[in-house]
Amino acid sequence: MPHTSAAGLGRWLTLANLASAATALLVASVLLIVFQFLLLRDAMVEDLGVQAHIVSDNSVAALLFNDGRAGTETLNALAASPSIQAAGIFTLGGRQLASYTRGRAAPVAAPAPSLLEAGHRFGVTRMELVRYVDSEDVHIGYVVVRAGLDRLYGRLLGYIGLTLSIAAGSLAAAYLLVRRMRRRVKSAEAHLHYLAHVDPVTGLPNRHAFNERLLFALSRVDRAGGSVGLLLLDLDNFKIVNDTLGHQCGDRLLELVAQRLVDCLRSADVICRIGGDEFAVILESDAGTQGALISAKILAALAEPFAVDVHDIYVTASIGISVYPQDGANLETLIRNADTAMYQAKNKGKNAFELFRPELDQRVQKRLSLEVNLRKALERGELELYYQPQFSLKDGSLVGLEALLRWNHPELGMVSPAEFIPVAEESGLIVPIGRWVLCTACRQVAAWREAGLGDVHVSVNLSARQTKDSQLVEDILEALRETGMSPGQLELEITETVLMENVHANVELLQRLQTEGIRLSIDDFGTGYSSMAYLKRFPIDQVKIDRTFVRDIPGDGDDEAITTAIIAMAHSLGLSVVAEGVETEQQLDFLRKAGCDIMQGYYFAEPGTPERIQAFLRNSTVPTEKIRA
């Protein structure tokens, strides 16, 4: 209906424009015709005047000698002019001396005073012109000539026909031009509409069209009842495809994904591409029951590999589902809740779908609140560093401290790192926070040195975001220069998963750090997916066995085997091994027999404030005795 109205409006505007053009042409034509009539009339007056002048010049003798016959012969010369109907020569007293008539035309009468005064007079069908006959500059009579206007009207009609033909031709040309322009405008409008509503890569409706269709679907539910389901789908790790294979392969993959998604849906459902690797599906019927079924169907369809050029690419997706009206009273809320459910699906491990639940929104609000407060934590001085000692199994000596970040919120109290570290990672706050941790740890080491506690070694964790920060190395070196700390006193811990995200770039980063004399360690070793081929490429000094393997030893055969294998493998590569999370004497005994080098855990010392650690550093005989026991 809107398209019909628009087309009708377009035709009406075209006709209105043509009517305006026709009116303008008509007015111009009438003015030109009137002007031409005046020109023809003036020309006719001039022509008759010439002929009357000739007659008057030749009528002097006839009037002087009252010779009517000579006058008639003079007037007969007017027969050569077809428009002249009659003529006459009159004395000053008004007596007719001679006359001429063509056919049955009425003879001319003596000129009236008004005609003598004006010189000529026009009627509807004829005009009369009078001219004095002079002899030695004295008026001796008149010549009156009457001409018909037929030839004038004939010429005028011809001009009218030509003018109207030109006007009609111009109007026709204008009409054709307007039609052509209208077609081009419609074509341009259609193209703009396509660009505004269709995604050029997949051919699916885009975000603009998605908003329009979802609003229409919601209004239909408001009028007729029912429900509308919304599925927000995000491809997992799609950025890796773009980064490794290029955007052309990425676009081709999106096109193939779109085809599979369309095949999974019913004819009444609408699918749109609303972002780089984001799709949205609008379910306009049975939304309450079909969302989960269709999501499961989509995940199954995406499980098969996609053939892109010479590559077989596997793609998974995370899907969030919300239903109108129960999950949102308007478009914005419905989309936000589906987005919340989608991120919950990602947090569950990806390649999954999640139905929106009110508690999910509460979780999101809590996360947003954490982010807002975390942004202020640095400014307010709410962040603290705790330190946990590490001991050598060889002689029980203290070999270093691991700096551990803590957040002491004035209202929330101590916030768990498991809660705020992921928020800092996702929001990018981990970069300035990581910079603060590094500088604070180095300053603390300098303070302990000034307190006479010697050169303490400290280890600091690096996040994935920090390894991608171009200023990381400069920040580290600046912190060392500022505090006078030896590079060998600083150890940087990077998780196995982070190292494997971009092997080439991380190898370059580690080599540069090692060149500066900084020690490097792989944290949480065994929980990632690195291989020996990659491990030997990294310029590292030690590995840390993740606490999840230490927790159940001795007793868990698998954990015992993994732990023993990690220690043996590390030693074969010339690396030292740290076991974290050591809490019992039995764990200590097992690790000692397996050849582990360094211990860290509650069995020896809990993480503590700088003040507690300073006191601990002055007397660390208890842990030493435990290790030697």
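Where is P554 found? P554 sits in the loop between α19 (547-550) and α20 (557-572). Helices (H or I, at least four residues) and strands (E, at least two) are DSSP runs, numbered from the N terminus.

## Basis of the model

This is a predicted model, in which local features need pLDDT of at least 70, side-chain atom pairs count only at pLDDT 80 or more, and totals for chains, interfaces and linings use all residues. Residues are numbered from 1 along each chain as its sequence is written, and side-chain values use heavy atoms, with hydrogens and water left out.

## Cis peptide bonds

I553 and P554 are joined by a cis peptide bond, with omega about -10 degrees. Another cis peptide bond links Y324 to P325. There, omega is about 10 degrees. P325 belongs to the loop between β11 and α10 (331-347).

## The open sheet

Five strands form an open sheet with mixed pairing. The order is β7-β8-β6-β11-β12. β7 (270-273) and β12 (352-355) stand at the edges. Each has a single partner strand, so one side of each is left without a neighbour in the sheet. Neighbouring strands are turned by 20 degrees against each other on average, direction ignored. For such angles, axes are lines fitted to C-alpha atoms, for helices over the stretch in contact, and angles run from 0 to 180 degrees between N-to-C directions.

Strands of a sheet pair through backbone hydrogen bonds, either parallel or antiparallel. Two strands count as paired if DSSP finds at least two bridges between them. β6 (residues 228-235) and β11 (residues 317-324) pair in the antiparallel sense, over 8 bridges. L231 stands opposite I321 in β11.

## Helix α12 and its end

Helix α12 spans residues 417-427. Its buried residues (under 20% relative accessible area; exposed is over 50%, partly exposed in between; 1.4 Å probe, protein chains only) are F420, V423 and A424. They cover an arc of only 100 degrees around the axis, which puts them on the same side of α12. The arc is that of the directions from the helix axis to the C-beta atoms. G428 follows α12, and its phi is positive, near 85 degrees.

N66 has a phi near 55 degrees, a positive value in a residue other than glycine. N66 lies in the loop between α2 (60-64) and α3 (68-76). Its relative accessible area is 45%, and N66 is partly exposed.

N351 is another non-glycine residue with positive phi, near 50 degrees. The loop between α10 and β12 holds N351. N351 is partly exposed, with a relative accessible area of 41%.

## The cavity

A search of the whole structure finds 1 cavity of 30 Å³ or more. On a 1 Å grid over the protein atoms alone, a cavity is a set of points where a 1.4 Å probe fits but cannot get out; lining residues have an atom within 4 Å of a point. The largest cavity holds about 70 Å³ of space. Grid points are joined across faces, edges and corners, and a volume is the space filled by probe spheres set on the points.

The lining is formed by V431, G434, R435, L438, V460, N461, L462, Q466, D469, L472 and D475. α13 (430-450), β16 (458-462) and α15 (472-483) are the elements that give two or more residues. α13 supplies the largest share, 4 residues. The lining divides into 5 nonpolar, 3 polar and 3 charged residues. Here Ala, Val, Leu, Ile, Met, Phe, Trp, Tyr, Cys and Pro count as nonpolar, Asp, Glu, Lys and Arg as charged, and the others, Gly among them, as polar.

Methods
1 Å grid on protein atoms, 1.4 Å probe; cavity = no way out; pocket = protein on both sides within 12 Å on 5 of 7 lines; lining within 4 Å.
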